[in-house]
Amino acid sequence: MSKAVATGPDAQGKFALEINIGGLTGAIAGFSSKMEAEDYATSLLRRVKELAKADGLK
């Protein structure tokens, strides 16, 4: 299962994206707004789903 959650802002006013894809976790930081992070998450998860489908996975 894939999941991405926007968090923040941090001390510099930036937002981060916490990502979990197939049990692997990571974070991408430096977004200027929560909406920007959520838009990136939507695109990223859509692409992951497309790649998984192309490989015959869920």
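What share of the 58 residues of this protein counts as buried? The figure is 16%. Please keep in mind throughout that this is a predicted model.

I will start with the overall layout. The protein has 1 helix and 3 strands. Reading from the N terminus, the order of the elements is β-β-β-α. Taken along the principal axes, the C-alpha atoms fill a box of roughly 40 × 20 × 10 Å. The accessible surface is about 4,400 Å², and carbon and sulfur atoms account for 56% of that surface. On contacts, take those between residues at least 6 apart in sequence: 19% of them join residues at least 24 apart.

Next, the core. Which residues make up the largest nonpolar core? There are 7 of them: Ala6, Phe15, Leu17, Ile19, Phe31, Ala37 and Ala41. Two elements, β2 (15–21) and α1 (34–54), each supply at least two residues of this core. The biggest contribution is from β2, with 3 residues.

Setting aside neighbours within four places in sequence, Leu17 touches Ala4, Val5, Ala6, Gly26, Ala27, Ile28, Phe31, Ala37, Tyr40 and Ala41.

Now the helix. Which residues of α1 are buried? They are Ala37, Ala41 and Ala52. Viewed down the helix axis, the buried residues of α1 fall within an arc of 40 degrees, and therefore they line one face of the helix.

Is Met35 buried or exposed, by its relative accessibility? Met35 has 58% relative accessibility, and it counts as exposed because the cut-off for that class is over 50%. Met35 is part of helix α1. Along the chain, Met35 and Lys14 are 21 residues apart, and their C-alpha atoms are separated by 12 Å.

On to charged pairs. How many salt bridges are there? The count comes to 1. The partners are Glu50 and Arg47, and their closest N and O atoms are 3.2 Å apart. Where do the two residues sit relative to each other? Both are in helix α1, and because they are 3 residues apart, about one helical turn separates them. Glu50 is partly exposed, at a relative accessible area of 41%. Arg47 is partly exposed too, at 44%.

Just after α1 comes Gly56, which takes a positive phi of about 80 degrees.

Note on methods: Residues are numbered from 1 along each chain as its sequence is written. This is a predicted model: local features need pLDDT of at least 70, side-chain atom pairs count only at pLDDT 80 or more; totals for chains, interfaces and linings use all residues. Side-chain values use heavy atoms; hydrogens and water are left out. A nonpolar core is a set of buried Ala, Val, Leu, Ile, Met, Phe, Trp, Tyr and Cys residues joined through side-chain atoms within 4.5 Å. Buried means under 20% relative accessible area, exposed over 50%, partly exposed in between (1.4 Å probe, protein chains only). Helices (H or I, at least four residues) and strands (E, at least two) are DSSP runs, numbered from the N terminus. Contact means heavy atoms within 4.5 Å. A salt bridge is a side-chain nitrogen of Lys or Arg within 4 Å of a carboxyl oxygen of Asp or Glu. The arc is that of the directions from the helix axis to the C-beta atoms. Accessible areas come from the Shrake-Rupley method with a 1.4 Å probe; for residues, only the protein chains shown count as cover.
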